[in-house]
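Subject: Structure handover

Hello,

Please find the structure below, with the sequence alongside. My notes on what was found follow it.

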Amino acid sequence: MQTFTLRLSYADFLSKLVTSDAFVQDIINLARLTNAPSLLPAAFYDISRYTFAQIFEPIEDEPTRFRCVFGGGMLCADDMRRLALGKEASAHAVSAVIHGMGRGPLAHSRKGAFSLHTHGPTHSPLSVCTMPGECRRDFAELVALATQHYVCDRERGYADPLYVAEELGALKSADVSECRACARALEVWASKERERMWKMIPLWFRLDS
Ligand SMILES: [Zn+2]
């Protein structure tokens with residue numbers, strides 16, 4: 001079971017964590033005990049998506065994924081510190097990825113760098129932005145909306161930059177968007193952002209040393 005789990009990527013492991021009945025801090029403690037550090041990034045990331053109130057003061061009537069912090073099985077002081085630092089880095093990543101949407105995808109679609117073809121960029125209307133002025137305004141509007149939604153209103157996913165990146169990537173569906181180049185560029189940009197952030201997780205939670 002353990003060998004099998006170790007081969008999973010963070011993404012696979014995270015989805016298993018979310019559907020498991022185990023207390024997430026037990027998974028972290030178990031990974032420490034069994035010297036299985038590859039389990040830690042996904043487990044820390046998972047717990048960081050909850051508010052400190054949910055972690056420290058779970059509501060009695062609601063099923064919870066945390067043991068009472070002052071009961072048994074809580075994280076050690078060093079891991080609590082990692083969790084707090086990682087939560088801060090993760091919150092910053094949400095703002096950064098939203099802000100990045102204002103320039104990243106558009107810059108690439110103007111050059112046709114996200115061509116669907118495999119042999120370098122082409123200049124067909126499908127791969128290069130044909131209405132840069134409108135698309136720039138469109139992206140600026142999406143950045144403002146996403147900032148309001150995730151940063152100001154703290155709606156679902158506000159502490160989960162991987163979720164936010166996935167949602168951002170789908171904001172301009174290629175089926176309905178007037179500029180298919182930008183819709184495609186946004187999708188590809190979002191998936192690269194997710195990949196980049198996966199790799200950053202050990203650093204966010206100080207798990208790299
Ligand atoms: Zn465009």
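Helices here are DSSP runs of H or I with at least four residues, strands are runs of E with at least two, and both are numbered from the N terminus. Asp138 counts as partly exposed because 19 C-beta neighbours lie inside 10 Å. The cut-offs are these: a residue is buried with 20 or more other C-beta atoms within 10 Å of its own, exposed with 12 or fewer, and partly exposed in between, the C-beta atoms being placed from the backbone. The C-alpha atom of Asp138 is separated by 9.1 Å from that of Gly102, which is 36 residues away along the chain.

Two points on how to read the rest. Residues are numbered from 1 along each chain as its sequence is written. The model is predicted, so local features need pLDDT of at least 70 and side-chain atom pairs count only at pLDDT 80 or more, while totals for chains, interfaces and linings use all residues.

The chain as a whole

The protein chain has 10 helices and 0 strands, and its pattern along the sequence is α-α-α-α-α-α-α-α-α-α. It has 209 residues, of which 33% count as buried. Two residues are in contact if their C-beta atoms, placed from the backbone, lie within 7 Å. Taking contacts between residues at least 6 apart in sequence, 66% join residues at least 24 apart.

Helix packing

Two packed helices are described by the angle between their axes and the distance between the axes. The axes are lines fitted to C-alpha atoms, for helices over the stretch in contact, and the angles run from 0 to 180 degrees between N-to-C directions. Angles under 35 degrees count as roughly parallel, over 145 as roughly antiparallel, 65 to 115 as roughly perpendicular, and the rest as oblique.

Helix H3 (residues 24–33) packs on helix H4 (residues 40–48) at about 155°, with the axes 9 Å apart. H3 is therefore roughly antiparallel to H4. Their crossing is left-handed, meaning that the near helix is turned anticlockwise from the far one by less than a right angle; clockwise would be right-handed. On the H3 side the contact is made by Val24, Gln25, Ile27, Ile28 and Ala31, and on the H4 side by Leu40, Ala43, Phe44, Asp46 and Ile47. By class, this contact has 8 nonpolar, 1 polar and 1 charged residues. Here Ala, Val, Leu, Ile, Met, Phe, Trp, Tyr, Cys and Pro count as nonpolar, Asp, Glu, Lys and Arg as charged, and the others, Gly among them, as polar.

H4 also packs on helix H6 (residues 77–100), at an angle of about 70° and with the axes 9 Å apart. H4 and H6 are therefore roughly perpendicular. Phe44, Ile47 and Ser48 of H4 meet Arg82, Leu83, Gly86, Lys87 and Ser90 of H6. The residues of this contact divide into 3 nonpolar, 3 polar and 2 charged.

H6 in turn packs on helix H10 (residues 180–204) at about 160°, with the axes 11 Å apart. This makes H6 roughly antiparallel to H10, and the crossing is right-handed. Gly86, Ala89, Ser90, Ala93, Val97 and Gly100 of H6 make the contact with Glu193, Met197 and Trp204 of H10. That contact has 5 nonpolar, 3 polar and 1 charged residues.

Nonpolar cores

A nonpolar core is a set of buried Ala, Val, Leu, Ile, Met, Phe, Trp, Tyr and Cys residues joined through C-beta atoms within 7 Å. Which residues of the largest core touch the most other members? Of its 25 residues, these are Val97, Ile98, Cys129, Val164, Ala165, Leu168 and Cys182. H6, H8, helix H9 (161–169) and H10 each supply at least two residues of this core, and H10 gives the largest share, 8 residues. Leaving aside neighbours within four places in sequence, Leu168 is in contact with Val97, Ile98, Met101, Ala146 and Ala190. A second, separate core has 18 residues, including Val24, Leu39, Ile55 and Leu83.

Two backbone angles

Arg154, in the loop between H8 and H9, has phi near 50°, a positive value in a residue other than glycine. Arg154 counts as partly exposed, with 13 C-beta neighbours inside 10 Å. Arg206, in the segment after H10, is a non-glycine residue with a positive phi, near 55°. Arg206 is partly exposed, with 16 other C-beta atoms within 10 Å.

Regards
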